[in-house]
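The sequence and structure are shown first.

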Amino acid sequence: MPESGLTAGIILAAGEGTRMRSSLPKVLHKLAGRTFLERVMASVTALDPGLTAVVVHFQAEKVAEAARSYDGQVRIVQQDDCPGTGRAVQCAMDQLRQSLDPNGYVLIAASDMPLLDTDTLRGLIDHHVRTGDGATVLTANLDDPTGYGRIIRDQDGRVLRIVEQKDATGTELAVKEVNTSVYVFDVDVLCQAIRGLRDSNAQGEFYLTDALEVARQSGTVGAFTAPDPLSVEGVNDRVQLAVLAKDHNIRVCHELMRSGVTILDPATTWIEDDVSIEPDATILPGCLLQGHTAISADAVIGPYTTLIDATIDQGATVERSRIQETHIGARASIGPWTYLRPGNDLAEDTKAGAFVEMKKAHIDHGTKVPHLSYVGDTHIGHDSNVGGGTITANYDGVHKNRTEIGSGVHVGAGNLFVAPVQVGDEATTGAGSVIRHQVPEGAMVYSTNDQHTVGDWKPEWER
Ligand code: UD1
Ligand code: CA
């Protein structure tokens, strides 16, 4: 295992990310539902380094907390007021040196590259170990290298140094090979190389990139080119974020389509990484599939549907709806315009139709709630039907109360169930009833709402 010599993974997350123009630190912005920081930490910790450290400064506590909540073992390093990626590494090494294997090597990665993946990092580390170089930089060849540091090589192709966009000459700017801000350094080489960094450059910062030039004087510096440029693209502003998110999403969609999922329009279908979809499911345009959503075969989702941590069983249909933390059984029919808030479980062959809202509702097989209803904190048995415009009044201003409706029940249109209340199996309730008391099994109940007739009547303004 080449990783065994990996004594530390250091993630740089101290920058403000000014170009995002955000009150949120850049690394806590999200791509496909997960923060940049979480994504990079996941890729680095998968290599099982001796320790993982995250360098923080801007909104330090917030970033540190996010890092700790992802990995309780993470070492947090405070960068001082001197700016620059080089300074970040100096601060890290000051704090971590005691804990490092002096014969090992250290992986350093920026945290503003949300698609950085473990395979790319493995490729970089393998290359570092194989060549025996003292330092190796992960590079990428980009059609448009604007904004990145350029890799300057000598006639024999050896890496000489990295020059930042703002410090580069015209010929240097023409170089398309860029620094991705990911490096592997032997521990001793790194300690040497960061010692004499200076901030005499266009941005007045301590550049980590300058450390490579020092490293070259004490040994060799190599470069490994990332096989997939998308995986190492950095995000500095929200335009770049949108482009990257779109490119990533198209890939996710294409992969699912190749596995047998029908996606009518990948351009308007957004699918997060932890979503699973079985072959022969169909996703219509305008869907957002998020969190740990799981969709079974033959389900038809959309158009215009949001699923968040939802489970959709085989053959169910969900049209123009929003569903969160809810299980939808096989062949159930949901929508259009249905809002299922967290905690519902709808069994097979159920229906929740237009303008129906549910919360913590358990609906047994074959039961239908077709129109304009609110069902909350409720269990309904199997093969019942709920008339349009029915409301469970589950909240008395202090407590949430439960409604229990049996199986084979016919609920008339426009009913109001004042919870807590129970309705027995095979019961029928008349239209417009207000059900405040228990309904026995097999009974028919109705509550009156007197109809008064005033004959030959005109409104005042017509008289
Ligand atoms: C950096 C590289 C550039 C490379 C590019 C790739 C330097 C000098 N330049 O430029 O060669 O092509 O990344 O995306 O390294 N950070 C800190 N402390 C700081 C400043 C930054 O921890 O004081 C962190 C940031 O949080 C970020 C990373 O370092 O995760 C890179 O910082 P950023 O300001 O985005 O550097 P670039 O200008 O993109
Ligand atoms: Ca950057």
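In what follows, Ala, Val, Leu, Ile, Met, Phe, Trp, Tyr, Cys and Pro count as nonpolar, Asp, Glu, Lys and Arg as charged, and the others, Gly among them, as polar. The model is predicted: local features need pLDDT of at least 70, side-chain atom pairs count only at pLDDT 80 or more, and totals for chains, interfaces and linings use all residues. Residues are numbered from 1 along each chain as its sequence is written, chains are lettered from A and ligands numbered from 1 in the order in which they are written, and side-chain values use heavy atoms, with hydrogens and water left out.

## The ligand site

The shell around ligand 1 divides into 8 nonpolar, 11 polar and 4 charged residues. A residue is near a molecule if one of its heavy atoms lies within 4 Å of it. Of the 23 residues around ligand 1, those that come nearest are Gly84, Thr85, Gly149, Glu164 and Asn179. Helices (H or I, at least four residues) and strands (E, at least two) are DSSP runs, numbered from the N terminus. Both α3 (85–96) and β10 (177–186) supply at least two residues of the shell, and β10 gives the largest share, 3 residues.

The table lists the partners on the protein side.

| Residue | Protein atom | Distance to an oxygen atom of ligand 1 |
|---|---|---|
| Ala14 | polar backbone atom | 3.0 Å |
| Ser111 | polar backbone atom | 3.1 Å |
| Asp112 | N or O atom in the side chain | 3.0 Å |

On its own, ligand 1 has 750 Å² of accessible area, of which the protein covers 90%. Accessible areas come from the Shrake-Rupley method with a 1.4 Å probe, and for residues only the protein chains shown count as cover.

The space taken by ligand 1 is the largest pocket. On a 1 Å grid over the protein atoms alone, a pocket is an open set of points with protein on both sides within 12 Å along at least five of seven lines, whereas a cavity is a set of points where a 1.4 Å probe fits but cannot get out; lining residues have an atom within 4 Å of a point. A molecule sits in either if more than half of its atoms lie within 2 Å of its grid points.

## Buried and exposed positions

Buried means under 20% relative accessible area, exposed over 50%, and partly exposed in between (1.4 Å probe, protein chains only). Helix α1 is mostly covered, with 8 of its 10 residues buried; these are Phe36, Leu37, Arg39, Val40, Met41, Ala42, Ser43 and Val44. Asp48 lies in the loop between α1 (36–45) and β4 (52–56). This residue is classed as exposed because its relative accessible area is 62%. Although Asp48 and Thr7 are 41 residues apart along the chain, their C-alpha atoms are separated by 9.1 Å.

Thr139, in strand β7 (residues 135–141), has a relative accessible area of 0% and is therefore buried. Its side chain is joined to that of Glu177 by a polar contact of 2.8 Å.

Ser384 is found in the loop between β30 and β31 (385–386). With a relative accessible area of 4%, Ser384 is also buried. From Ser384 to Asp94, 290 residues away in sequence, the C-alpha to C-alpha distance is 69 Å. Ser333, in strand β24 (residues 333–334), is partly exposed at 25% relative accessibility.

## Backbone features

Most residues other than glycine have a negative phi, and most peptide bonds are trans. Glu325 has a positive phi, near 40 degrees, and lies in the loop between β22 (322–324) and β23 (326–328). Glu325 is partly exposed, since its relative accessible area is 42%. In Leu372, phi is likewise positive, near 50 degrees. Leu372 belongs to the loop between β29 (368–371) and β30 (374–380), and it counts as exposed because its relative accessibility is 52%.

The peptide bond from Gly302 to Pro303 is cis, with omega near 5 degrees; Pro303 lies in the loop between β18 (300–301) and β19 (306–308). Ala419 and Pro420 are also joined by a cis peptide bond, with omega about 0 degrees, and Pro420 is found in the loop between β35 (416–418) and β36 (421–423).

Technical notes: Polar contact = N/O pair within 3.5 Å; in protein donor to acceptor, adjacent residues only side chain to side chain.
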